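Thanks, I'll keep this short.

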Amino acid sequence: MATAVLTTLDPQSRAASRGMSDLSIRNLFIIPTIVFLIVFNIFPLLYSLGYSFTDFRASSSAPANFVGLQNYRDLLADPFIWNNFTITAKYVIVSVVGQVIVGFGVALLLNRDIPFKGLLTTLLLLPMMLSMAVVGLFWKLLYDPSFGIINYALGLGTFEWLSNPNMALYAVALTDIWMWSPFVMLLSLAGLSAVPKHLYEAAAIDRAGSFYTFFRITLPLVAPILMIAIIFRTMEAFKTFDLAYILTSQPTTEVISIRLYKMAFQEWQTGMSCALAYIVLIMVLAITNIYVKYLNKVKER
Amino acid sequence: MRKKLIGMAGGLALALASSTSVLAQELTIFWAEWDPANYLQELVNEYEAETGVQVTVETTPWSDFQTKTFTELNAKGSAYDMVVGDSQWLGAASEAGHYVDLTEFFNKHNLGEVMAPATVKYYAEYPSSSGKYWAIPAEGDAVGWSYRKDWFEDPAEMEAFKAKYGYDLAVPATWAQMRDIAEFFHRPDQGRYGIAIYTDNSYDGLVMGVENAIFSYGGELGNYETYEVDGIINSEQNIAALEMYRELYGFTPPGWAKTFFVENNQAITENLAAMSMNYFAFFPALTNEASNPNAKVTGFFANPAGPDGHQFAALGGQGISVISYSENQEESMKFLEWFIKDDVQKRWAELGGYTASAAVLESEEFQNATPYNKAFYETMFKVKDFWATPEYAELLIQMNQRIYPYITGGEGTAKDALDSLATDWNATFKKYNRVQ
């Protein structure tokens, strides 16, 4: 394959006339990308791994001391950190499940011949095109107990969405569902429109009920693409920061990335925060791997 | 050819020399984005008119002021020549070598006496009582209170209040009276609430608010010289103060769980609360009819006393420091020499800045200039501050973690919260070898 590519350089081309070989052209395109990747991704990744074993503080001129696994031990023994992880898990579950239900539901509704389908789909996609910070700021106004439109519309009086510690996380998740359901909807719609029509026709001939058709035809065929949407959304929800940070400061909404931000840029515990970032990275990798394994299994079917 | 080369080299040298001298004529001061920074820009424009040195006040929103400053300092960047930094940064910035030692400058100009004593102690000196100075007190500030004069002076309200509590409705002299007044005006069915307090736990808002209660109740956060906290942060006085703060939270407008200076001014401008806690620096907006429709009926008072007559307030405000990595340190020192002059400090106050100069603060002219200057003057001589150790941010976050759930969610008791905080702080001081 490589030689096939290498031999396609046209001897009459300008590149060839300048004495450039196909190999040098390949290098010209690939090397900068690799250098960029190494400098901005791989190097910081390894460097921060090194820092995670030290007591380094970026705010101080004191040299970093090697402390072994102390940072990891301290973090994993800290009840506040475990609480942050529990909150994050809760948030991920509520938010992703909500997005899948709403997104897939709307996709099912749109997957039929209705007037203005294109316009409707485009309008429904608007929330995910907005900036997270902007969404956070205006949902804060919508949730306001004194003048917010949500309480007014639902007749909830002065219900406290964001300052009630038991409600705040759900309020943040609700905003996330509003913002990202369109993403799940878009992918589901792509999956739904790829389901061969003749399968439905066959089911209809066999007098299969709509419940049966959905679980035996629609869902299995859309599952792989839906899984991809779920993987993306889970990873994003796990790393969520902006919405929760802007909307409320309840301890019950302090997801792990907010704690990480505070540790790294307010307390300047650089070594410790590198260790926490690694713990988060490992968790995200583990969860994604489970999903990918499941996705492959679904595809095999 | 050779002549030509020499000529070119000479020209280049001249160009370089002149460009560095042009650079030295520009100074950049970094501060947070708020009205006093605009006043400072107006003041330094006068410096430019006098000396030809252009001074720019660069700002960033409060929420990233700390992060942005320390990111620049940690990178040893020379983007800023001076910073008007928070008082609690002194330890972190001086120990890491980010600030230029101003002790000599301080002593030469006798600033220990020229500036109000509390401002010298908290904005300039680190470690506590060491005689080493790292900043020049620039913007004095403390927490005070604004209130609705029309609500307080309404005859029907006054009568009803007296009937209920047995004393006259007036500006509260104690926290207990403040609690009564907050309860009295708390009428959710009318969309009116008793009081607005700080509750934002993302930086120092909530802690500053609680400090007002703690200090006036006669409590302390700890011993700033020995780092002892047991029995101090969780003292009887502090427990009572925290309970009072929690009680006041019950009289705040709905959703009052992430509020700081913006929301607390809104409480007055939007007719939400009878009394509102805020830094004096935000009071000019309340006397301005363009930003406060209730400007004519807004009054001000200093932080009330606690049960034993102690009366203190949480310190805000900042000192101006020279950054070690600045390429214009000499020029910056010249600017500071100009800044501390009596007439400049007076002009600073006229423009709206809160001078720390004792002479200006004590002058009749200053005290009568605005409805709140007198309360400010009284407050600036009885202020206390948070820890200024390099690990202050950890202490701050731990305090937020412990007291926020109690105050806004009613979780546990004040004693539990403060006992746990004492444990956290002890562990932190141990970690940094401040105590054995």
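Start with helix 10 (residues 175–185) of chain B, which lies across strand 6 and strand 7 of chain B and runs at about 130 degrees to strand 7 of chain B. Helices (H or I, at least four residues) and strands (E, at least two) are DSSP runs numbered from the N terminus; axes are lines fitted to C-alpha atoms, for helices over the stretch in contact, with angles from 0 to 180 degrees between N-to-C directions. This is a predicted model, where local features need pLDDT of at least 70, side-chain atom pairs need 80 or more, and totals for chains, interfaces and linings use all residues. Residues are numbered from 1 along each chain as its sequence is written, and chains are lettered from A and ligands numbered from 1 in the order written.

The sheet in chain B is open, with four strands in the order 6-7-5-8 and mixed pairing; two strands pair if DSSP finds at least two bridges between them. Strand 6 (193–196) and strand 8 (298–302) of chain B are at the edges with a single partner strand each, so one side of each has no neighbour in the sheet. Strands 5 and 7 of chain B run antiparallel, joined by five bridges.

Now the contact: 22 residues come from chain A and 27 residues from chain B, contact being C-beta atoms, placed from the backbone, within 7 Å. On the chain A side, helix 13 (residues 256–266) gives the most, three residues.

Last, A:Asp55 sits in the loop between helix 3 (22–51) and helix 4 (70–76) of chain A. A:Asp55 and A:Gln269 are 214 residues apart in sequence but 7.6 Å apart in space, C-alpha to C-alpha.

How values were computed
Contact = placed C-beta atoms within 7 Å.
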